[in-house]
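Trainee: I would like to learn how to read a structure, feature by feature. Where do we begin?

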Amino acid sequence: MLELARSRAATHLASVGEFAVFAGNAARQSLVPPFELQETVRQLYELGLRSAPLIAASGLAVGVVLSMHTRASLERFGAESMIPAGLAMALVRETGPLTAGLLLSGRIGAGIGAELGAMRVTEQIDALEASAVDAFRYLVVTRVVACVIAVPILTTIMNFAGILGGFIAERAATGMSLGLYFERAFSLINATDYVPATMKTMVFGFLIATVSSFLGFNTTSGTEGVGRASTRAVVLSSISIIVANVVLVRLIFFLFPEAAG
Amino acid sequence: MTMTVERHTASAAGGEERECAVRLDHVTKSFGSRRVLDDISLDVAEGRGFVILGRSGTGKSVALRHIVGLVRPDSGRVFVRGDEISALSGEPLARVRRQIGFLFQSAALFDSISVGENVAFPMRRHTPWPEAEIRDRVMAKLQSVGLDQDYEKMPGDLSGGMRKRAGLARAMALDPALLLVDEPSAGLDPITCEEIDELLLGLKQQQGTTLVVVTHNIPSARKLGDELVMLHEGRIAAQGPVQVLEQSDDPLVRAFMASSHSG
Ligand SMILES: Nc1ncnc2c1ncn2[C@@H]1O[C@H](COP(=O)(O)OP(=O)(O)OP(=O)(O)O)[C@@H](O)[C@H]1O
Ligand SMILES: [Mg+2]
């Protein structure tokens, strides 16, 4: 029993080690040529642009709900005029990045896990290699680069959609004008609220792409394996984002003390 | 079961004048506890047809994958046209692979792009040919396997035999000096099968392409094989030209050669 647990633990530890090497290679190769530009652009479209509707729609909904909560709490202090600013601050600093990260682990993680997994079990990855193409560079590095670029942009879209959602709720409640709403929303936000929080989503993008590519790339045992790779890609990239977020927020507070204010 | 091991290597038969296109040198490979290839040595002479026979699961595909460097031996070495492919990686490995065409047993077409684009893929990657030339060459390759009407089709919409032929067209895309084909005639009707044999024979005779063919189809093996090898339980059960295998003392080998099973 103990023996079994120990060997289980050893296998997991070995996979973590393999993943570290995999992610390290992806990071290194994304910085040195040759770059697979055409394929990277295709992935930016597939993973990035095609996620925009999901992100925008979710952002709107989150904005509406967040605005209702903010109203409920600020009304008690008679500080309704602070609603737009409070909402924007919450979105830009934390809610936008984390929600976008989790939504994208779902959409992008499942997509990459299933696609690369299917390519593995149908020997398409071997076929790339046999055609003298570096499959890791062609399939993994392109997706990692695309995610690192796309996730911060999608997060920004989420923030804007959220603020707009907040406006809709505010308008319905008080009939506030768009001009006044936006003036108030952006009255308190400055670069240290936006830049570090959005930069951290580059790490989210990196984690989503490397975790799910790793699982897809190492898929075994047929169709069942593909399903498992896809599910695990979503679960593990979500968890890794949530854990990384703790560390990153701590780091941001350390580097930009004003971001904590 | 006891096996008679007959060895007639290409170099022994034809002297040293024919260079080896492929050489397996004491290759052993296990998956888990199962030893799939057990100390296999063989030479494939440049410009010849070499056929690998054997029952299902004896390691024919694994042997073929060693030649293109997709599988590395646990011990022993694999050479392709003088380069030790089993020891290469990165760009030197890619350079050797560009001389090899490989048809997977499963065809392994890229299923997100059309049949034509599958054939164009190696050309786009490895040649500076302009678009018009690539288009012409792809059409010619598709025509040679009887798929000239199917350029725009997606691999998922093809029949098994069509996938196989599309895979063959892709393997031939760069006119490789060495063509490795894993069961080219599986899933084909007898007429198409014969056409594919003629195509492969033509490549060998007119362009001097070296062929390594895994097949269960004895008529094809006779037609394409200057030299045949039969694998059994990880070892070479018999090797030599058709006549040698036909007269083998091993009943299994004789039975194999006598079968007229095609497909
Ligand atoms: N990647 C792998 N991992 C584990 N086992 C493998 C792997 N590849 C092949 N094998 C095993 O090696 C043995 C030989 O497989 P191979 O595909 O070479 O057979 P084959 O001779 O081509 O058979 P067939 O005529 O049915 O295609 C099989 O038992 C197979 O299960
Ligand atoms: Mg096989």
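Mentor: We begin with the ligand: an oxygen atom of ligand 1 is 2.6 Å from an N or O atom in the side chain of B:Ser56. Keep in mind that this is a predicted model.

Trainee: Which polar backbone atom is 3.0 Å from an oxygen atom of ligand 1?

Mentor: A polar contact is a pair of N or O atoms within 3.5 Å. The backbone atom at 3.0 Å from a ligand 1 oxygen belongs to B:Gly59. In the case of B:Glu183, a side-chain N or O atom is 3.4 Å from an oxygen of ligand 1.

Trainee: How much of ligand 1 does the protein bury?

Mentor: Ligand 1 exposes 630 Å² when taken alone, and the protein buries 61% of that.

Trainee: Which elements give two or more residues to the shell around ligand 1?

Mentor: They are β2 (34-45) and α2 (60-67), both of chain B. The most comes from α2(B), which gives three residues. Around ligand 1 there are 14 residues, and those that come nearest are B:Ser56, B:Gly57, B:Lys60, B:Ser61 and B:Gln105. Sorted by class, the shell has three nonpolar, seven polar and four charged residues.

Trainee: Next, the aromatic rings. How many aromatic pairs does the structure hold?

Mentor: Over all chains, the structure holds 12 aromatic pairs. To read one, look at the distance between ring centres and the angle between planes; planes over 60 degrees apart count as edge-to-face. For A:Phe22 and A:Phe136 the centres are 5.1 Å apart and the planes are at 90°, so this pair is edge-to-face.

Trainee: Where in chain A do A:Phe22 and A:Phe136 lie?

Mentor: A:Phe22 lies in helix α1 (residues 2-29) and A:Phe136 in helix α6 (residues 135-174), so the pair ties together parts that are 114 residues apart in sequence.

Trainee: Are A:Phe22 and A:Phe136 buried or exposed?

Mentor: A:Phe22 and A:Phe136 are both buried. A:Phe22 also pairs with A:Phe214: their ring centres are 5.2 Å apart with planes at 75°, so this pair is edge-to-face. A:Phe214 is in helix α8 (residues 191-217) of chain A, 192 residues from A:Phe22 in helix α1. A:Phe214 is buried, as is A:Phe22. One aromatic cluster is formed by A:Phe19, A:Phe22, A:Phe136, A:Phe214 and A:Phe217.

Trainee: Which residue lies over the face of B:Tyr151?

Mentor: That is B:Arg135, at 4.0 Å from the ring centre. In another case, B:Arg137 lies over the face of B:Trp129, at 3.8 Å from the ring centre.

How values were computed. Residues are numbered from 1 along each chain as its sequence is written. Chains are lettered from A and ligands numbered from 1 in the order in which they are written. This is a predicted model: local features need pLDDT of at least 70, side-chain atom pairs count only at pLDDT 80 or more; totals for chains, interfaces and linings use all residues. Side-chain values use heavy atoms; hydrogens and water are left out. A residue is near a molecule or strand if one of its heavy atoms lies within 4 Å of it. A polar contact is a pair of N or O atoms within 3.5 Å; within protein, one must be able to donate a hydrogen and the other to accept it, and residues adjacent in sequence count only if both atoms are side-chain atoms. Accessible areas come from the Shrake-Rupley method with a 1.4 Å probe; for residues, only the protein chains shown count as cover. Helices (H or I, at least four residues) and strands (E, at least two) are DSSP runs, numbered from the N terminus. Ala, Val, Leu, Ile, Met, Phe, Trp, Tyr, Cys and Pro count as nonpolar, Asp, Glu, Lys and Arg as charged, and the others, Gly among them, as polar. Rings of Phe, Tyr and Trp (its six-membered ring) pair if their centres lie within 6.5 Å; planes under 30 degrees apart count as stacked, over 60 as edge-to-face and the rest as tilted. Buried means under 20% relative accessible area, exposed over 50%, partly exposed in between (1.4 Å probe, protein chains only). A charge sits over a ring if NZ of Lys or CZ of Arg is within 6 Å of the ring centre and within 35 degrees of the ring normal.
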